[in-house]
Amino acid sequence: MQFTRRSVARIVALGAVLALALSACGGSDKKSGVGDQRSATTVAGKKGGAITIAAEQEISNWNTNTSADNCQWCTEVARLVYPQMYVQTPQITYVPGLIADGPATIVKQSPFTVRWKIKQDAVWSDGVPVSSDDLEYYYLSCNDKVDPGEPVDPEDPTATGRDCVDTTGYDQITKFTKVDQKTAEAVFSGPIAEYPSLFSNPMPPAHIAKTKGKDAWENAFVTNPGASAGPYKLKDYKKGESLTLERNDTFTIAPPNIDTITIRFIKKDTAQLDALRNGEVDLIYPKPQTDSAEQIRDIPGVHYEFNIGPQWEHLTFNLRNAILADPKVRAAISTGIDRQDLVDRLIKPFNDKATTLGNRIYMNDTPEYVDQSIPFNLEGAKQLLEGDGWTAGADGIRTKNGKRLSLRIITTGGDTLREKTEEILQDHFKAMGIDLKIANLPSNDAFDPIFGGKDTANQWDIALFAWVGTATPGLSSKAVYATDSGNNAGNYANKTVDSDFDKAIAELDATKRKDLLNAIDKTLWGPNELPDLPLYQKPTFLAYADKFANIIDNTTSEGFTWNAEQWSLK
């Protein structure tokens, strides 16, 4: 059993899908990699056939709603089997999922009460109806409380009994009622504007979990989903090699076109490209690397696209570090990094619409977006450091009271795009008089010290990674910047910001909520704040054999499998 507080729930970078920020822009074009995917529509296709997909990660748990298992590819696969009440579209809006009988609705303003309805014919593959029991089990697992029947950590009475990756919103529910088999209602402690995001992750079957003991949420679905209430069900799983899904004939709501989907585990992006070239796989969705665009153009019979989505790369400053605890140093760094140079050299080769990001809450190409960033000014950065007592030495690196201005940056080793970002940043830092040392760790190992709290605070100074966006900017952003939140890796604390997030989350008027959230972002850009520095929105890379139709990249945390039931052969 893994005891956990809400504060340890953290999912970062491309390997995961933590909610953060309403966002998106992007598109596709076979020749240039640029276009407008948001206008894509599906076409009639053939029934039958098979598709093979290369995945860089193997699913670690069919219930991807734990802090250990909420990886990108885990969720891409799980949503093919498990139902979602609500789904994000490429237009960054929540719409009812396949099993939802309409949108979630507010049935009472005081106390604030929301109702969810499940379609009458939604059923698990073993014949058990998808019901309000499933919603209740999800809520009880994610409400940040120790509920009846859950174990208690004797060493930490404040810990919850279940490890849920995101309790935001569920922890504000004061009463949950199963109205009938297909209807549930929740009373909240106050208004919550982003309630449509609740129950939007793939949900495991409650009726199976309840037979598996107290640890079922974390452990019952590690090797097998148990039952399906999505378009596909598990047919075969060869650990370390592949898994195959087949049509779920009990899922009559939206029967899929493709008969089988095979997921092959291929970690390296170069190996994925080779497999696509050789016809060993039909689809790849790797992290774009600097030579991806050139290589994919050489493969005939393939549709490809580089889109710009809501995964936004940034630098998080470790405020436990004495140097970075000084706001003047953070202001100098934020002023002296040429973010446009990073975009021009690293991102525009994929998509010429790419630009810098000037807002933490809203992304480029959304009506709510306001660029509130600090303009690049190298001389201004030097002056800030000089005024703070940091003087340049013979080698150009600054010192203060005998201490050298040297910092360590950490990211996911092996990611060439991020490693090139670090190399460019080294030049930017050196121009300011700062020695930036690269201290990467392999892949997800990097996140252990970043999110280890005070126990690992001395192991890193600046972290380079990405938050992944959803259509819940208030709830999600609060999880990153709130005092003592486990997603707040840099230990930033501002009680006024905490309070302002609460006000924004409770504001039901969309215009007022937008203004409140943009005001928070403006505060975070203030010279005494700057807990992090947004850089740019990252590209996504989707390529597949052009004999297939209706495969649509969804650059939100949903990913490309969001409409798999519509895929077909042409």
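**Disulfides and burial**

Reply: Gladly! In this predicted model, a disulfide joins C142 to C164, with an S to S distance of 2.1 Å. The two cysteines are 22 residues apart and link distant parts of the chain: C142 sits in helix α2 (residues 132-142), C164 in the loop between α2 and β6 (173-180).

Me: How do you know that C142 and C164 form a disulfide?

Reply: The cut-off is sulfur atoms within 2.5 Å. For C142 and C164 the value is 2.1 Å, so the pair qualifies. The link is right-handed, with 85° about the S-S bond.

Me: What makes C142 count as buried?

Reply: Buried means under 20% relative accessible area. C142 has 0%, so C142 is buried.

Me: And why is C164 called buried?

Reply: C164 has a relative accessible area of 3%, which is under 20%, so C164 is buried too.

Me: Why is the link of C71 and C74 called a disulfide?

Reply: Their sulfur atoms are 2.2 Å apart. The limit is 2.5 Å, so C71 and C74 count as a disulfide.

Me: Why is the disulfide of C71 and C74 called right-handed?

Reply: The torsion about its S-S bond is about 90°, so the disulfide is right-handed. Both C71 and C74 are buried.

Me: How many disulfides does a search of the whole structure find?

Reply: Two. With the bonded cysteines numbered in sequence order, the pairing is 1-2, 3-4.

Me: What share of the protein chain counts as buried?

Reply: Of its 570 residues, 60% count as buried.

Notes:
Residues numbered from 1 in each chain as written. Predicted model: local features only at pLDDT ≥ 70, side-chain atom pairs only at ≥ 80, totals over all residues. Heavy atoms only, no water. Buried < 20%, exposed > 50% of the residue type's maximum accessible area, 1.4 Å probe, protein only. Helix = DSSP H or I, 4+ residues; strand = E, 2+ residues; numbered from the N terminus.
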